[in-house]
Amino acid sequence: MEAIGTALHGVMAAVWAALYYCTWLFLGDCRVKLVAAAASDKKRNCVRALVEAHCPSLADPKKARYVPTPYLIGGMLQTVYCAYIALRRDKKSNIKYERELRTMRDGGTVSLDWYPGRIDDAKSTQPIVIVLSGLGGSSYEYHIRCLAKHLAVTTDGGMRVVVANHRGCGRTPLTSSQLYNGHDTSDLTEVIAHVSKMFPCAPLACIGFSLGSNLVMRYLGEAGDRTPLAAAVGVCCPFDTVTTGHMMNKPGFLNDNLFQPALMRTLKRTVSRNLDMIRSGNVEYDIDAIMRAKRMSEIDNAITAKAYGFKDCWEYYAAVSPIDSVDSIRRPFLAINTHDDPITPVAGVPLDKFESNPHTAAAIVDYGGHLGFFTGIPARIWFLDPVAEFLAAALAESGDSPPC
């Protein structure tokens, strides 16, 4: 019986391999498109040169490809699957954090989840990567746990990861009526300063997902050369947030019945758990309207726009766009986006700005949806290797040479 089981396993593996190969043939070569300023002798330390020298999953003609999992072809399908398995635990993601609660200047609270754990050695030179989740997300999301373990295990010497959970997210207590949003970078600024002060000898990097990448980019643009970060990555950044708002409102079976309902449940749960604190501020919210909301734009109209003095959600979306931040980035920065993202269309990525700023690069793949990037059988996350390669190279170079 054992022999039969082994034979069946081999047959199934061969079938899946054939299906995966056929997917590759059907979709084309699925090459990664790298957009960055041209490398030159004067700019030998620019991001393009760094990627071409140290990131084979982004620049090697034989390896720089992304082929989606055969049963997850289509942007919305990848996106929904990412949300569906958010709490899955397997050998790639089964980790345990050590939590630190950090009080912000206004009395609000951000939780910092450390992996493999927080250390007391202020002279440690082990690289630290600060991670920001997307809207309604937290350190417990599958792709973030996979990334934390991957960076800690696969990189040379390992990286220590700290996920900064937004106010009220990931079981973080809401201790101020001020909520988080994509416009205000003050929490991220305080977290980076705190980690830098705790570990002044450790190289620092930051990676943001979706709304988190919006905040990372805005922070980099505001800080310029003053940031203690040595490198950063943004995955599925909503560069054109007005278009993102329209895409999230767009009717569709998967969006109407799976993605939006899941997002609404998460946000409404946060509001329900913190009603007293939310009501304690100076802004009067229509809680009934919030609980009736079926679209993100309705939530932003009822909460975010009202809290920050915007006329409506569309004025807020226009103000929060990080497009202009690209010009001011002065640290190695990699953006990873997809052509079939149903939330942050690739048309919004300012490719001309990436071509003119040598500190930046954009890696564009044809498939992967929003935060999905599932490849292979069984499905695994593609962007883990590109992120690890880029951060390892950028952090290594930051120690012995100035930014380009």
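Two strands count as paired if DSSP finds at least two bridges between them. Helices (H or I, at least four residues) and strands (E, at least two) are DSSP runs, numbered from the N terminus. With that in hand, here's a quick tour of a predicted model, where local features need pLDDT of at least 70, side-chain atom pairs count only at pLDDT 80 or more, and totals for chains, interfaces and linings use all residues. Residues are numbered from 1 along each chain as its sequence is written, and side-chain values use heavy atoms, with hydrogens and water left out.

**The sheet**

- Nine strands make up an open sheet with mixed pairing, in the order β1-β9-β8-β7-β6-β4-β5-β3-β2.
- At the edges sit β1 (33-36) and β2, each of which pairs on one side only.
- From one strand to the next, the twist averages 20°; angles here run from 0 to 180 degrees between N-to-C directions, and axes are lines fitted to C-alpha atoms, for helices over the stretch in contact.

- Strand β3 (residues 109-115) is mostly covered, with seven of its seven residues buried (buried means under 20% relative accessible area, exposed over 50%, partly exposed in between, with a 1.4 Å probe and protein chains only).
- Thr109, Ser111, Asp113 and Tyr115 point one way from β3, while Val110, Leu112 and Trp114 point the other way.
- On one pairing, β2 (residues 98-103) runs antiparallel to β3 and is joined to it by six bridges; leucine 101 stands opposite serine 111 there.
- What phi does glycine 107 take in the hairpin of β2 and β3? Its phi is positive, near 95°, and the hairpin has five residues between the strands.
- Another antiparallel pairing links β3 to β5 (residues 160-165) through five bridges, with tyrosine 115 partnered by valine 161.

**Parallel pairs**

- β4 (residues 128-132) and β5 pair in the parallel sense over four bridges, and isoleucine 130 has valine 162 as its bridge partner.
- Helix α5 (residues 142-154) packs on the sheet, touching β3, β4, β5 and β6 (204-209), and its direction makes about 155° with that of β6; contact means heavy atoms within 4.5 Å.
- Helix α6 (residues 186-198) packs on the sheet too, touching β2, β3, β4, β5, β6 and β7 (229-235), and its direction makes about 45° with that of β3.
- Six bridges hold β6 and β7 in a parallel pair, where phenylalanine 209 stands opposite valine 235.
- Seven of the seven residues of β7 are buried, so β7 is largely enclosed by the rest of the structure.

**α4 against α9**

- The axes of α4 (residues 75-84) and α9 (residues 253-273) come within 10 Å and cross at roughly 10°.
- That's why α4 and α9 count as roughly parallel to each other (angles under 35 degrees are roughly parallel, over 145 roughly antiparallel, 65 to 115 roughly perpendicular and the rest oblique).
- In this contact, Met76, Leu77, Thr79 and Val80 of α4 meet Leu254, Asn255, Leu258 and Phe259 of α9.
- The contact residues divide into six nonpolar, two polar and no charged; Ala, Val, Leu, Ile, Met, Phe, Trp, Tyr, Cys and Pro count as nonpolar, Asp, Glu, Lys and Arg as charged, and the others, Gly among them, as polar.
- α4 is mostly covered, with seven of its 10 residues buried, and those buried residues pack against α5, α9 and β10 (374-375).

- Helix α7 (residues 211-223) has 13 residues and reaches 18 Å from first C-alpha to last, close to the 18 Å expected at 1.5 Å a residue; the expected span is 1.5 Å times one less than the number of residues.
- Since 12 of the 13 residues of α7 are buried, α7 is largely enclosed by the rest of the structure.
- Helix α15 (residues 384-398) has 15 residues and reaches 21 Å between its first and last C-alpha, close to the 21 Å expected.
- Among the buried residues of α15 are Leu384, Pro386 and Phe390.

**Alanine 293**

- Is alanine 293 buried or exposed? At 1% relative accessibility, alanine 293 counts as buried, and it is found in the loop between α11 (287-292) and α12 (296-307).
- Its C-alpha is separated by 7.5 Å from that of methionine 264, 29 residues apart along the chain.
- Leaving out residues up to four places away in sequence, alanine 293 touches Met264, Lys268, Glu298 and Ile299.
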